[in-house]
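This briefing is meant for a reader meeting the structure for the first time. Please have the sequence and the 3D view at hand while reading the points below.

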Amino acid sequence: MRMRIIITLERDGTMKRARKWGFAAIMLSLLLVAACGAKEDNTVNSPTAKADAAEQPLRVVATTVTYPDFLYSLGVTPVAAENANAEFPSYLNGAFDAVPKLGGVLNLEGILAAAPDLIIGANWRDAKNVDQLNKIAKTVLLPDRDNWRDELRDMGEALNKKEQAEQVIADYEEKIKQAKESLKPLVGEETFMYMRIIGKDSYVMGPLASRGKVIHGELGLHSVPTFPKDEESIAISLEMLPELNPDHIILQVEAGDDAASAQKIYEDMKSNAVWMGLKAVKENHVYLVGDKDWMNFSFSPVATLNAVNEIVETIKQQNGNK
């Protein structure tokens with residue numbers, strides 16, 4: 001089976017959207033100097049990323065569009081937060097409605113205006129701007145991690161909420177276990193494929209992709225045996241789908257900037273004989289899920305559980321709610 005292999009940058013590609021700055025760079029520098037003077041460098045950049053307990057701040061900003069999810073999980077409302085879309089995700093249950101939005105990239109002016117006591121940044125993105133951040137407030141750079149659990153533990157330590165972080169992780173594991181068990185009687189050993197239509201392209205994400213680790217690993221939904229074992233994701237054409245031909249398809253059609261293009265591909269695909277000939281289509285086992293709230297799926301506990309709940313409920317609804 002010939003497949004064009006792609007590398008998907010799920011995190012960086014969606015999170016680093018351009019944002020126009022409201023002030024010129026020189027004005028920002030003047031503001032920083034005026035507001036902070038010659039404040040000493042208090043940057044924390046270590047594996048534990050711990051802030052001084054005696055100086056526990058009340059006003060927190062956590063950069064990137066993922067860290068606000070962590071704050072929410074730990075019961076902390078920031079004084080400003082980054083947002084990938086016009087509104088914060090609905091799974092935050094309105095907790096951030098009054099929180100100023102900083103956009104989808106590092107916004108030094110917005111952070112300065114929020115007057116935080118502590119800034120929690122991501123080393124992978126914010127290290128190059130740490131000097132400017134530290135002039136605004138004490139800055140903690142969380143180390144690079146491959147798993148959100150370790151990131152949450154780091155943030156819990158920075159906020160002196162280590163026990164809360166461990167409880168969030170334990171609750172997540174229990175809910176994932178329950179979701180997995182609820183799916184067993186519905187799907188047994190049948191195969192699943194997670195497919196995304198983004199703009200004018202279609203992709204299948206396998207067990208090695210971040211979202212695939214949740215769908216195929218944590219939920220135990222079997223991947224098709226013909227998916228390339230060493231690849232995270234593949235770009236796929238309609239004609240290639242019969243070579244995979246799963247029993248079930250979890251399908252996400254983009255609802256963002258290229259929603260119109262993605263929707264057209266989906267509508268054309270539904271009327272195509274190749275699509276209609278797939279096992280999953282014939283058995284009404286195509287589960288249309290996901291929208292903007294899936295931005296942090298597999299990168300935070302609250303976003304991942306939101307997506308998992310949607311997957312489980314959609315499968316139940318289309319399989320007789322057994």
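The model is predicted, and the values given here are computed from it.

**N319 and its surroundings**

- With a relative accessible area of 10%, N319 is buried, because that value falls under the 20% limit used for the term.
- The side chain of N319 is joined to that of H285 by a polar contact of 3.2 Å, and a further polar contact, of 3.1 Å, joins the side chains of N319 and Y287.
- When residues up to four places away in sequence are not counted, N319 touches L186, H248, H285 and Y287.

**T63 and T64, in the loop between β2 and α3**

- T63 lies in the loop that runs between strand β2 (60–62) and helix α3 (67–73), and the place of T64 is in the loop between β2 and α3 as well.
- T63 is buried, with a relative accessible area of 1%, and T64, at 2% relative accessibility, also counts as buried.
- A polar contact of 2.5 Å joins the side chain of T63 to that of D126.
- Leaving aside neighbours within four places in sequence, T63 is in contact with a set of residues including P68, E82, L106, I111, I120, R125 and D126.
- Although T64 is not a glycine, this residue has a positive phi of about 70 degrees.

**The nonpolar cores**

- The largest nonpolar core holds 45 residues, and within this core I120, M155, L159 and I250 touch the most other members.
- Helix α8, made of residues 162–187, gives the most to this core, contributing nine residues.

**N160, in the loop between α7 and α8**

- N160 lies in the loop between helix α7 (148–158) and helix α8.
- Is N160 buried or partly exposed? With a relative accessible area of 30%, N160 is partly exposed, because the term covers values between 20% and 50%.
- N160 is not a glycine, yet this residue has a positive phi of about 55 degrees.

Methods: Residues are numbered from 1 along each chain as its sequence is written. This is a predicted model: local features need pLDDT of at least 70, side-chain atom pairs count only at pLDDT 80 or more; totals for chains, interfaces and linings use all residues. Side-chain values use heavy atoms; hydrogens and water are left out. Helices (H or I, at least four residues) and strands (E, at least two) are DSSP runs, numbered from the N terminus. Buried means under 20% relative accessible area, exposed over 50%, partly exposed in between (1.4 Å probe, protein chains only). A polar contact is a pair of N or O atoms within 3.5 Å; within protein, one must be able to donate a hydrogen and the other to accept it, and residues adjacent in sequence count only if both atoms are side-chain atoms. Contact means heavy atoms within 4.5 Å. A nonpolar core is a set of buried Ala, Val, Leu, Ile, Met, Phe, Trp, Tyr and Cys residues joined through side-chain atoms within 4.5 Å.
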